[in-house]
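Subject: Structure handover

Hello,

Here is the structure I promised to pass on. Please open it next to this email, and then read the notes below.

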Amino acid sequence: MNKPIYHITPEKGWMNDPNGLVEYNGVYHVFYQADPEHLINENIGWGHKISSDLLHWEECQPALLPDQSYDRDGCFTGSAVIKDDKMYLLYTGHVNQESGYIETQNLAVSKDGIHFEKYDGNPVIKNPPADTTMRFRDPKIWEKNGNYYAVIGGETEDKCGKVVYYRSRDLQEYTYCGVFADSDGSIGNMWECPNFVQIGNTDVLIISPKGLEKENGFSASFESGYMTGKMNYEEGMFSHASYKKLDHGFDFYAPQSFEDERGRRILIGWMGIPDADYTNPTEEAGWQHALTIPRKLSVRDGKLIQEPIEELKQLRSNDKAVCTFSYGQALIMQNSIYEAVIDFKRCREMTMTLREGITLSYKDNILTLNLGVYGSGRTTRKVKLEKLEHLHIFADTSSLEIFVNHGEEVFTTRIYNRHGRILINGECSGIMTVYPLKSFEIEGGRNEE
């Protein structure tokens, strides 16, 4: 199975959650959960790639390895922050025991963004707070008014998902501040990978709940979603709206975001799922999973909007195809790696072939992605729309990312069919532009001692 040509993938072995996304001295850093020696997360550390343009990525030496008493069974998910021109990583250390496991929060620091030393005083947060089980992980840290805050995913003793938070002045000593947000159990039993961000005048908490129940309207037992609101730092209260789903595809989890030096809030997610319910064909080639393309976040009418970053236009080749279509007309191209932009003048009913046997259809205000026999056991996902006006699609060797109505809804999905075929027809009209996308090489590793 050929690797994607413009997505981050592991050199070999396992990849999951993006960690520590940050821009540091003009260089973009993407860390991620990595086990290069296994196709499962058996011995998890932090892989590391850097880039100057968010397109071309250089492999670095691992940033964190599970080599201390407090993280011997895994350096789990965490985040990065810059302080005094140094990069700090706050991450979860995982230790298995006969009675279960222990999860603590730990610190590592770097003067160059490549070589990291773990803090001698680890763990910096040793125990979960009261009414929180041992499921206590994935700190996301940020600075506000001279203080550093960290939200951490957790679970109540009643098996309800929640997020707790801490405050620090120096990144070494932390004070527990309380529950940041929680649930009555209707939104899963554990909230992983919390990510708190400010976008304009809106604060957003992104979470990845586990233990969702289909009877409550969820399509799987895990997904990623968000709540918009406002954080009152003086009162320590995050007032927020109801939970909304972030992505409607089969393969999207544990997203993390950062603000770059241009002031953009950029999100990258794991193009995978925590508990595989299908066989991933890439295992035969010795690797597992990928990360999404970088997406610019904004808020529109109380909704979190995801759109592809502008830099991705540099991947477009010159031989684009443009078609004006109306009822009964179609555009057919034999290409499997492409970017497609569709502006609908009107659309009552539509079927679009994205790959041979893989379709996106719109009828009765329902947009449906159908993977057919190429879903490795997965079939369809749907979302209800008021109307369909715009589609922006990125197809790689084994993935689809579909942005609907300028990022109001998104489908992120791995697919395993390289037979290119782009076709659109139905009771609709508009203009479709398709750009074949260029390949680029990920540079060799930076592993100097």
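**Overall shape**

The chain has 449 residues, and a compact globule of that length would have a radius of gyration near 22 Å; the protein has 22 Å, so the two agree. Please keep in mind that this is a predicted model. Along the principal axes, the C-alpha atoms fill a box of roughly 70 × 50 × 45 Å.

The secondary structure is quickly told. There are 33 strands and zero helices. Contacts across the sequence matter for reading the fold. Take the contacts with a separation of 6 or more: 57% of them join residues 24 or more positions apart.

**Surface and charge**

Of the 449 residues, 60% count as buried. The exposed surface comes to about 18,300 Å². Carbon and sulfur atoms supply 43% of that area.

The protein carries 47 positive and 66 negative charges.

**Cysteines**

How many disulfides does a search of the whole structure find? It finds zero.

Cys428 is in no disulfide. The nearest cysteine sulfur belongs to Cys347 and is 4.8 Å away. A disulfide needs the two sulfur atoms within 2.5 Å. Cys428 is buried, because its relative accessible area is 1% and the limit for buried is under 20%.

Cys60 is the other one. Its closest cysteine sulfur is in Cys75, 17 Å away, so the pair is too far apart for a bond. Cys60 has 3% relative accessibility and therefore counts as buried.

**The loop between S4 and S5**

Gly74 sits in the loop between strand S4 (58-60) and strand S5 (75-83). Asp73 is found in that loop between S4 and S5 too.

Is Gly74 buried or exposed? Gly74 is buried, since its relative accessible area is 0%. Asp73 has 24% relative accessibility, so it counts as partly exposed.

Now their contacts, leaving out residues up to four places away in sequence. Gly74 touches Ile44, Pro66, Thr92, Gly93 and His94. Asp73 touches His94, Val95 and Asn96.

Gly74 and Gly286 are 212 residues apart along the chain, and their C-alpha atoms are separated by 21 Å. Asp73 and Lys384 are 311 residues apart along the chain, with 42 Å between their C-alpha atoms.

**Backbone points to check**

Most residues other than glycine have a negative phi, and most peptide bonds are trans.

Start with the peptide bond. Asn122 and Pro123 are joined by a cis peptide bond, with omega about -5°. Pro123 lies in the loop between strand S8 (117-118) and strand S9 (136-144).

Next is Asp84. This residue is not a glycine, yet its phi is positive, at about 55°. Asp84 is placed in the loop between S5 and strand S6 (86-97). With 62% relative accessibility, Asp84 counts as exposed.

His406 also has a positive phi, near 60°, and is a residue other than glycine. Its place is the loop between strand S30 (399-404) and strand S31 (409-414). His406 counts as partly exposed, because its relative accessibility is 38%.

**Ser317**

One last residue. Ser317 is found in the loop between strand S23 (303-308) and strand S24 (321-325). Which residues does Ser317 contact, leaving aside its neighbours within four places in sequence? They are Tyr435, Pro436 and Lys438.

Ser317 has 17% relative accessibility and so counts as buried; the limit for buried is under 20%. Ser317 and Tyr338 are 21 residues apart along the chain. Their C-alpha atoms are separated by 9.4 Å.

Best wishes

How values were computed:
Residues are numbered from 1 along each chain as its sequence is written. This is a predicted model: local features need pLDDT of at least 70, side-chain atom pairs count only at pLDDT 80 or more; totals for chains, interfaces and linings use all residues. Side-chain values use heavy atoms; hydrogens and water are left out. Helices (H or I, at least four residues) and strands (E, at least two) are DSSP runs, numbered from the N terminus. The radius of gyration is taken over C-alpha atoms; the globule rule is 2.2 Å times the number of residues to the power 0.38. Buried means under 20% relative accessible area, exposed over 50%, partly exposed in between (1.4 Å probe, protein chains only). Contact means heavy atoms within 4.5 Å. Accessible areas come from the Shrake-Rupley method with a 1.4 Å probe; for residues, only the protein chains shown count as cover. Lys and Arg count as positive and Asp and Glu as negative; His and the chain ends are not counted. The place of a charge is taken as NZ of Lys, CZ of Arg, CG of Asp or CD of Glu.
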